[in-house]
There are 2 protein chains.
Amino acid sequence: VTVEIDPGRFLSDLQALRRIGAFDGGVERLAFGADDRRAREWLLQRFRDAGLDAEIDGIGNVYGRWPGATRTVLTGSHSDTVPCGGWLDGALGVIASLEAVRAVREVGAPPGRGVDLVSFADEEGTFRGTLGSSVFSGEIGDRELDEARNSAGTPLRRALADAGWAGRELAQLDPERQRVFLELHVEQGPRLEAAGIQIGVVTTIVGIRRVAVSFDGRSDHAGTTPMAMRRDAGAAAIRFAARTLDAFERQRTEHTVWNIGSLTLRPGAGNVVSNRAEMLVEYRDATADALVSLHETVERIAREVAAEHGCPCKLRTTVDTSGVDMDPEVVSTIEAVAADAGAGSLRMPSGAGHDAMVLRRRIPAGMLFVPSRGGRSHDPAEDTDEADLVTGARVLARAVERLIAA
Amino acid sequence: VTVEIDPGRFLSDLQALRRIGAFDGGVERLAFGADDRRAREWLLQRFRDAGLDAEIDGIGNVYGRWPGATRTVLTGSHSDTVPCGGWLDGALGVIASLEAVRAVREVGAPPGRGVDLVSFADEEGTFRGTLGSSVFSGEIGDRELDEARNSAGTPLRRALADAGWAGRELAQLDPERQRVFLELHVEQGPRLEAAGIQIGVVTTIVGIRRVAVSFDGRSDHAGTTPMAMRRDAGAAAIRFAARTLDAFERQRTEHTVWNIGSLTLRPGAGNVVSNRAEMLVEYRDATADALVSLHETVERIAREVAAEHGCPCKLRTTVDTSGVDMDPEVVSTIEAVAADAGAGSLRMPSGAGHDAMVLRRRIPAGMLFVPSRGGRSHDPAEDTDEADLVTGARVLARAVERLIAA
């Protein structure tokens with residue numbers, strides 16, 4: 001026998017979860033907010049209905065264990081969203097994993113084997129990115145939890161207390177039991193759609209550096225101050241940004257992507273020379289070496305431009321996560337079951353971070369993607385064809401089945 | 001006899017005007033606001049005390065005519081300020097001109113000759129830049145006055161009514177009577193101070209173009225969208241700005257100055273590709289040909305970058321004033337009287353606009369500058385050494401005397 005999902009049940013649950021926090025086609029379930037809490041209580045019941053020993057733990061993870069198993073596949077994702085988010089990001093992986101549990105239960109797991117299920121808390125970083133999976137993996141401890149706050153300044157501890165979850169036990173990853181983690185997710189990019197392929201098999205999750213770059217100059221009248229007497233922080237920032245974009249283009253690897261998505265000049269008037277410029281430079285690549293090399297480029301250009309313009313430059317790294325390769329055996333397994341299910345697949349990196357990145361630092365892990373219409377995500381326009389959703393859930397269930405038997 | 005100003009009287013009036021709207025070393029007299037009105041009522045009395053037939057007209061100009069004269073030199077400046085402005089900008093020219101009137105009256109003017117005096121309204125553009133001088137010169141009419149509003153949306157007409165000046169006659173330039181206009185002003189730049197010279201003789205007031213440049217792109221996830229599939233309005237804007245700065249550097253004339261003082265990326269997040277970028281590009285030069293040539297450069301680079309990045313570009317000119325040369329004979333006269341007064345002088349362009357620019361389109365005009373400490377202006381730090389203020393007022397009075405006799 002091969003596991004078979006129930007597409008109607010799967011899609012029905014996906015739509016049910018969509019209704020919690022729904023607005024104008026999109027969904028908003030900010031971590032520990034009312035809708036996120038309602039969604040987790042609803043998921044808890046579904047996890048129990050699927051026969052799991054399930055609880056919401058002390059960080060808000062909805063966590064279900066297969067009764068009687070000593071060796072499991074852990075599968076899941078997250079059910080919180082960004083502000084004004086889409087309906088599939090995270091939710092798809094949680095409901096497809098729930099359906100995989102039900103499908104495996106229907107055909108039966110080998111003795112002592114089973115599937116554990118999780119919806120991690122606050123993957124999107126309302127308080128801290130990949131919060132639930134990082135606590136589950138033991139990467140962060142009490143001190144970081146004491147200090148975490150959302151953008152409104154609310155302490156994480158108070159949000160947990162308001163949710164009624166403070167003081168509960170924290171579920172912990174057990175590598176002896178959970179031998180592998182699987183996560184299905186929307187691609188959040190345009191590659192699969194452009195290639196006409198249904199399944200993306202993630203080979204690596206890229207590392208991210210985000211650097212806040214500032215230049216300080218002197219504000220002067222832009223009509224009466226000769227060009228040679230200016231210390232123009234705006235001109236310095238523009239030249240730094242342009243040279244950095246050009247340099248990244250030259251030194252890119254096959255996985256390098258970058259972005260300067262924020263740039264501000266102050267005081268910001270047409271006829272006043274800028275005394276301050278601030279920008280965010282972000283770059284992602286698969287290896288630590290590549291990230292270091294990109295960072296050296298940023299530092300070199302910043303030094304050069306600061307000297308040329310007489311505008312001191314400061315660099316402050318605000319995000320620094322390492323890239324991780326997915327487990328090669330899991331990658332091959334996903335490819336094989338996709339082929340068995342008649343679905344095309346494409347090996348690809350993930351340019352976004354995911355809970356699988358955190359789990360992968362402790363146990364083997366793999367991820368599969370389904371296409372995102374127009375590449376859109378973190379937006380109410382986020383969507384995927386129903387047939388692709390079903391194919392994704394089916395491949396996930398078969399990969400789970402293959403891996404619990406391994 | 002040569003006219004001689006009374007430095008104590010001159011400086012005392014300058015300090016008296018400084019107290020109206022004073023704060024923390026700076027002055028704020030926004031056009032038609034309470035302090036601007038108080039200052040104009042105070043000036044009106046001073047103009048009358050100096051023996052002039054003086055009124056505040058229907059646009060707020062304080063205007064005094066020399067009784068019995070049929071041929072005059074017109075001299076003055078403005079007494080309004082920018083928000084949080086300095087104490088000398090405009091005010092210095094008005095009080096020095098008042099002192100010139102008094103000094104000429106003391107030695108006597110030739111028969112039928114005299115000095116007319118003006119403090120123009122709203123030079124700084126609370127409602128419209130060089131408003132008072134433009135109405136006085138007949139450059140703008142009722143329709144523009146009907147439409148003018150300040151940044152809070154208050155109509156100019158209401159502000160004039162609140163001031164009690166609505167419906168009054170509008171004083172008009174009379175080129176048969178007023179043969180020349182003279183304006184003393186602070187340099188607002190660092191050249192005179194750097195050169196150690198007391199008097200700047202303005203040869204030309206540069207023209208200004210300010211262009212609002214925007215690029216439209218598509219917002220995408222900056223991690224999951226391959227570089228080649230992006231339409232990054234931010235990258236387009238950065239490359240446009242850098243190439244424009246470089247191109248201006250190559251094609252500059254001796255008078256060209258430029259500034260990109262405002263640049264905004266939207267939505268403005270480190271991990272989101274920008275779907276919109278907006279900036280202000282401003283450039284100034286002495287001749288219309290030079291401005292046209294700079295504008296062609298902007299248009300060419302905008303077209304190139306828009307095509308390279310797939311991001312349509314829009315250019316909207318928001319400021320477009322022509323440069324004007326000061327009258328060569330007036331320039332020579334100022335130089336000569338400066339030398340007679342033992343003051344060094346330097347011919348220089350004015351990078352900022354002034355009322356003299358408006359008057360010059362109808363009658364001969366000239367301007368002289370005194371040094372600005374540290375080049376600062378439009379700021380409470382704006383200041384000039386007392387000795388330089390007195391030298392400036394003395395040279396102005398002697399230039400007035402020389403020109404009324406001409």
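**The largest pocket and its surroundings**

Analyst: In this predicted model, strand 12 of chain B gives the largest share of the lining of the largest pocket, four residues. The volume of this pocket is about 1200 Å³. It is lined by 38 residues, and those closest to its centre are Asn271(A), Glu124(B), Arg210(B), Arg284(B) and His378(B). Strand 9 (207-216), strand 12 (313-321) and helix 11 (355-360) of chain B are the elements that give two or more residues to the lining. By class, the lining of the largest pocket holds nine nonpolar, 17 polar and twelve charged residues.

The second largest pocket can be set beside it. Its volume is about 740 Å³, and 29 residues line it, with Gly129(A), Ile208(A), Arg210(A), Val319(A) and Asn271(B) nearest its centre. Here strand 12 of chain A provides the largest share of the lining, four residues. The lining of the second largest pocket divides into seven nonpolar, 14 polar and eight charged residues.

As for the interface, 48 residues of chain A contact 48 residues of chain B. About 4000 Å² is buried between the two chains, and carbon and sulfur atoms give 57% of that area. Thr224(A), Met227(A) and Ile238(A) supply 15% of the area that chain A buries against chain B, more than any other three residues. Two salt bridges are counted between the chains; one of them joins the side chains of Arg239(A) and Asp246(B) at 2.8 Å, N to O. Twelve residue pairs are in polar contact across the interface. On the side of chain A that touches chain B, strand 10 of chain A brings the largest share, nine residues.

Methods:
Residues numbered from 1 in each chain as written. Chains lettered and ligands numbered in written order. Predicted model: local features only at pLDDT ≥ 70, side-chain atom pairs only at ≥ 80, totals over all residues. Heavy atoms only, no water. Contact = heavy atoms within 4.5 Å. Buried area = accessible area lost by both parts, 1.4 Å probe. Salt bridge = Lys/Arg side-chain N within 4 Å of Asp/Glu carboxyl O. Polar contact = N/O pair within 3.5 Å; in protein donor to acceptor, adjacent residues only side chain to side chain. 1 Å grid on protein atoms, 1.4 Å probe; cavity = no way out; pocket = protein on both sides within 12 Å on 5 of 7 lines; lining within 4 Å. Points joined across faces, edges and corners; volume = space filled by probe spheres on them. Nonpolar A, V, L, I, M, F, W, Y, C, P; charged D, E, K, R; others polar.
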